[in-house]
Amino acid sequence: MADTPVEYIQHHLSNLTFGKHPEHGWMLAEKSSQAAEMGFWAIHVDTMLWSILMGVLFLAVFKKAANVATSGVPGGLQNFVEMCFEFVENMVKQTFHGRNPIIAPLALTIFVWIFLMNSLKWLPVDWIPELAMATGLVNYFKIVPTADPNATFGLSLGVFFLIIFYSIKVKGGLGFVKELSFTPFNHWLFIPFNLFLEVLGLLTKPVTLALRLFGNMYAGEVVFILIALTFGAGWVMAILGVGMQWVWAVFHLLVIPLQAFIFMVLTIVYLSAAHEDH
């Protein structure tokens, strides 16, 4: 599978890719070079699978909590879900200054879904990929969707389209263009300069959202792989490796929810600005 440390790292950072190869047609890539040759429209199957599974888990847990909800003494699951609702609701009240019943459910979905996808990082880096490859059906398997820029850019582009949609809906098409044209300098002479600044700032929002989440999750994945690689030889080193993995996992007790929280808060802030009509 991997003969050198570099090959080991590259292998563990490669996605299971399905696409149309120029020579072999539709297939699962057996090598990273084949995945690259499939081009833009290739699909990262592992990213799709695990992001959907985490979404289904989110819906199942919250649906179950809704089904067993009681006005009496709540159970542990109901308490947990109510804490999530109250936390997000308070954040929306403090940050969002418009009126839109969609924002709170959207913020809750973003926070819990990203948190669940990030949480897959707590699983030992080799376990599930090794099980998947042991079937002989796949050569690559990555289970943390947010360590894949395709997933984080997909999320951020969804937020970006909502920003554009509500900016036009609340301010009108002409009002939105006027805002871009006369901010920050309210004079027609500065329209080209204003447009450059505002359009650039608008376009950087999805880029920074996606890269911040991806960068943190990808870097954490690399460290987990380096630990597994460094402490992989001999039983003493293996025990040390397990210890180091757990230390790094404990550190991610902060990083994983923090990144979900930051993505949620920035989404609320951006959509709040989209609802402000000057």
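Is tryptophan 122 buried, exposed or partly exposed? At 28% relative accessibility, tryptophan 122 counts as partly exposed, because this class lies between buried (under 20% relative accessible area) and exposed (over 50%), with a 1.4 Å probe and protein chains only.

The model is predicted: local features need pLDDT of at least 70, side-chain atom pairs count only at pLDDT 80 or more, and totals for chains, interfaces and linings use all residues. Residues are numbered from 1 along each chain as its sequence is written, and side-chain values use heavy atoms, with hydrogens and water left out.

Tryptophan 122 is located in the loop between helix H5 (103-119) and helix H6 (127-134); helices (H or I, at least four residues) and strands (E, at least two) are DSSP runs numbered from the N terminus. Its C-alpha lies 8.6 Å from that of valine 250, although 128 residues separate the two in sequence.

| Item | Value |
|---|---|
| Leucine 189 | 54% relative accessibility, exposed |
| Tryptophan 122 | 28% relative accessibility, partly exposed |

Threonine 183 and proline 184 are joined by a cis peptide bond with omega of about 5 degrees. Most peptide bonds are trans.

An open sheet of 3 strands runs in the order E2-E1-E3 with antiparallel pairing, where pairing requires at least two DSSP bridges between two strands. Strands E2 (25-28) and E3 (43-44) stand at the edges with a single partner strand each, so one side of each has no neighbour in the sheet. Strand E1 (residues 17-21) pairs with E2 over 4 bridges, and lysine 20 stands opposite tryptophan 26 in E2.
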